[in-house]
Amino acid sequence: MKRIGIDVGGTNTDAVLIDGETIVASIKVPTTQDVLSGVKAALAHVAGHRDSVASPIDAVMIGTTHFTNAVVERARLERVAAIRIALPTGASLPPMCDWPEDLRAAVDPLIFMVHGGHEYDGSPLVPMVPDEIREAAMKIRDAGITSIAISATFSPLTTECEVKAAEIVRSVIPDARITLSHTLGRIGLLERENVALLNAALQSLGKTTVQAFSDALREAGVTAPFFLTQNDGTVALADVAATNPVHSFASGPTNSMRGAAWLTGLTDAMVVDVGGTTSDIGCLAGGFPREANNIVHVGGVRTLFRMPDLLPIALGGGTIIDPATSKIGPRSVGYRILTEALVFGGETLTTSDVAVAAGLIDMGDRDRVKGLDPAFVEASLARIRDMVADSFDQMKTSAEDVPLIAVGGGAFLIPETVPGASEVLRVENAGVANALGAAMAQVSGEVDQVFSGMSRDEALAKAEAEARNTAVASGADRASLKTLEVEDIPIAYLPGGARRVRVRVIGDIAFS
Amino acid sequence: MPEPRKLKYDVADLRTLTREDLDALEIGAGILGTGGGGNPYQGKLLALEAMKAGYELKILATDRIEPDALCMAIGGIGAPVVSVERIREGREGVRCLRAMEELIRTPIDAVVCEEIGGSNSMSPLVTAALGGLPMLDCDGMGRAFPEMQMTTFSIYGHSSTPSVMCDLHGNTVIFSHAVSEVWHERMARACVVAQGGGAMLATAPMQAHYVHQYGIPKSYTKAIALGEAVIRARKAQEDPIAAVCALEGGRRIFNGKITDLKRHLRGGFAVGDVALAGFDDFAGETADVAIQNEFLIFRRNGMVEVTVPDLIVLLDVDTGYPITTEMLRYGQRVAVVAIPCHELLRTVQALDVVGPAAFGYPEITYSPLPSPTRKAA
C-alpha cells in the first residue's frame, strides 16, 4: 500500500512517499508564496520515486494551513449570511458582534435573527416561524449570497430548528451551501455560531483549494484518490473535507503528533514539534491528539469546537538570543534562518547557533560560532531546558512520568532528559513527521444527534449505523471500521424518550 | 409624557466609561470574582453594544448623590452554563427597573450593583445606561458570593423584597414579601428554573444614604484600576501580580503548580479542592485551596491561613489574568494573592452570613488579613 503524505506549513512544505511501513522518499521544500508551486515541487520529487515501488500510488493525503491563513490574512473569504434562530434571546448580541472589524468587513455579512430555538431541557423556547426564515432566505438570495450559516439556541441538544430552517432556505436558494452550527460546535452559542460563520466564509476557498491540489496531482501524473487531513488526526475525501474547512485548522500539529506516534510505535505520549519560530506541545491519547476543552481564538475570533489541545512555546530553531542578556525570544528570524543565523553567514544569534556551538547538531559553518563563550552557550541551553520542562509539565494531565517525543526541524533543541518525562525519544525522519502523520491518517465518521421514539439500544444502533455510513462516505473501508466512542444522554421534557447520542467510528482508507 | 425628573446629583460628577474602561473592568471584575461570579465577557459585549447604540455608561460616587435618592440594586440570577447559550435579550434589566417604578409608584434615581465580582459587574451598567440613570460606584459584596442574602445591604438590615424578576420573554414576577433573605433566595432560585435558567432580579430600592453607609465603596473604580494595572504591567513587561497587590493591599501568598484537582457537585454548588506545589520562593511548600463556587479557604502545609470573606485570588503567574474555578487544570502555574475584604464584611453580623461557618466550615475561625493602610483619597 503506497501513499503520499504532504504537509503544507507556514515555513516548509514536507512530503513523503511510503510503501507499507517503509519510507521510500521524503523531501522538505520552502513553502512558496503561491503555496501550490511548493506542493508541485515536493510532489514531483516524491512522485519521481514511484518507479522504485512496483504498483501505483493508492492515496494522497494533504494537510494544509490554507484555511487558517485565509482567516488570519482576511483574504480569499467569501460573503456570508447568518441566520440565528434564537429570538427573543440574544437580541442584544447579534451574530459577529465580537469579530475584529477587518475580518467582519472581509466577509461583509448579511445578518438575520428570527424566533425559535430551544431551552436547556430540550423544550421549545418559542415556536419557530417558517415565514421569517423564508423572508430572510429571499433577501439572501436577492443579495446574491449562497453561503449561509444557521445557528439556534441549544442546537447541540436539539437540532430540529437548524435542520428545518436549512430545508426552507434550500427551497428558496437551491444552490445554497449551508453550514449548520450543531454539526461543528458545542454548547456556547456565540462561539459555535462563529465556527459556523468561519466555515461558511471558507466554502469557495475550500472548493478552489481542492481543485488546485487535484490539478497539481494530475500534472504530476498521480491519479489516486486524495484526502485532506483533519485536526482530529483523521482524513476525509477532499471533496467532503472541502465543505468543512474549519476542521483543517491546526491540522499541521496534529499531523506531527500522529507521525511521531507512528515513528515510535507509541500511542500514549507527549509530543513536542519544534518549528522555526514556535514549538507546539500536545498530548497523544490512544494514538489521537487530546482535544482542547476551552475557547480557542482563530484569527481573533472566539471559537469552541474540535481543536487539538496545544500549548505553543516561543521557542524554535530561529528564535533570537540577545547576546547581551542571553534572553531567549520571543522574536525569531523565522524562515530567514538560512540567511540570518550566524552559522549560515548572517549576523543574528539564534538558538540554532548555540546548538551548533554546543555540538548538538552539525549544520552551516561551525567556525562562525567558535568565538561564543562556552559559559554563555551553557547558560542559553539551560534556559531552553527550563522553557521545555515548564511547558511539558503544564501539558501533562497527571503526575506520572510519560514519554516525550521530539519532532520537527528544530528537535535538536529538546534536551536529553526532561523532568517528568520517562524518556525523551528522537526518531529518524523526525523532520517530516507531519507529512508522515498525514500519510498514515485514517478516516472517521461521527454522529451527534437526538433520537426519539425508539429504545436506547435502537438509538445507539441507529447512530452507529449512521456514523459508519458517514465514514464510508468520507472514504473509509467499511470492513475495517471500529467504534471509538459512544456517549448518550437522556433528554427530559421531550416525548418518546429522546436521547442525545454521539458515536465516532474510525477505519482504514478504502482502496478501490 | 412624564414630567422631567429632578436630578438628585450633579451631572458634572458623573464619569462616563470608555471601551478601554470596560476591557479593564472585565479583568478587574474577574480578579474580584475570586474564582466565581461567572464570566464577565458576555456582559462586556452587552455593554459595548449599548455603547454602540449611543447609550452612555456613567458611574457616580455614593457621596455625590442626595441622601434621600432612591437606588435600586440589580443583578443576574441563574446558571452560568445556561447563559452561554441563552443569551440575554438585553432589556430584562430595564424592564425590572420600569416594573419596580410602577410597583412603588416612585421613579428610581440610580442603579446599584449587587456583586462586582464576575458577570454581575456588567449587567447593572447596561440597565443603568438603558434606563438613563447613573450607576453608583459601589456594590454589595466587593467580590463574588454565591447567594443573594450575602450582600452587605441584606446583612445590615435592608429587606430585599419587594423584588422584581424579569426574563427574556417579558415575564415579570414580583416577590412582594419574603419572611427572610434566605427565603427570598430560595423562591427566586425556584422561579429562575421555571424561567429557563436565567433572569434579572431587582431588589427593593434603598435610599442613597443607606447605600453610602453599607455598600462596599468605589467598586467600579477599583475593579477598573485593577484591570488597568494588569494591562499596563503586561505592556511594560513588568510583574502583573505585584501590580495587583500594590493596588488592593494584597499579598502574594503562594506561587504554585496545580498538582491535584478534585471537583464535585454538592447541593447545586460546584465544590472542590486544588492542591498546589510551590516554586520560586515557595519551593518545598505545599498549599491547597477549597472551592465552593469561589475560592474559600487557603491552607499552607495543611494549616489554614486565609479564609472567606477575605479574597483568595488565583492569577496566571505570567499574564496576571484571573483564573476561574472552571478554568483550573493540572499543571497550571498560579500565583495566589490574598486581598483583605472590606471592614463591612468583617463584623459579627457579616461573618454570620459570609464567614467560614456559613459555607460549612464551623471548625474554622475567621482571622482577618491585615487591612491595607488607608491612603488619603
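## A walk through chains B and A

Start by colouring chain B by domain: the assignment gives domain 1 (11-219) and domain 2 (239-359), with bounds that come from an automatic or database domain assignment. What you have open is a predicted model, in which local features need pLDDT of at least 70, side-chain atom pairs count only at pLDDT 80 or more, and totals for chains, interfaces and linings use all residues. Residues are numbered from 1 along each chain as its sequence is written, while chains are lettered from A and ligands numbered from 1 in the order in which they are written.

Taken over C-alpha atoms, the centres of the two domains of chain B are separated by 26 Å. Now select where they touch: domain 1 of chain B puts in 20 residues and domain 2 of chain B puts in 22. (Contact here is C-beta atoms, placed from the backbone, within 7 Å.) On the domain 1 side, helix 1 (19-32) and helix 6 (152-155) of chain B are the elements giving two or more residues. Helices (H or I, at least four residues) and strands (E, at least two) are DSSP runs, numbered from the N terminus. Helix 1 of chain B gives the most to that side, with three residues.

Next, hop over to chain A. You'll find 14 helices and 23 strands there. Chain A has a radius of gyration of 24 Å, close to the 24 Å of the globule rule for 512 residues, so it is as compact as a globular protein of that length. That radius is taken over C-alpha atoms, and the rule is 2.2 Å times the number of residues to the power 0.38. Of the 512 residues of chain A, 53% are buried. Buried means 20 or more other C-beta atoms within 10 Å of a residue's own, exposed 12 or fewer, and partly exposed in between, with C-beta atoms placed from the backbone.

Last stop: select helix 14 (residues 456-473) of chain A. Ala459(A), Ala463(A), Ala467(A), Thr470(A) and Ala471(A) are buried in this helix. Look down the axis of helix 14 of chain A: its buried residues fall within an arc of 105°, so they line one face. That arc is of the directions from the helix axis to the C-beta atoms. Show strand 21 (442-451) and strand 23 (499-507) of chain A too, as they are included in what covers those buried residues. Finish at Gly475(A), which follows helix 14 of chain A and has a positive phi, near 110°.

Key. Two residues are in contact if their C-beta atoms, placed from the backbone, lie within 7 Å.
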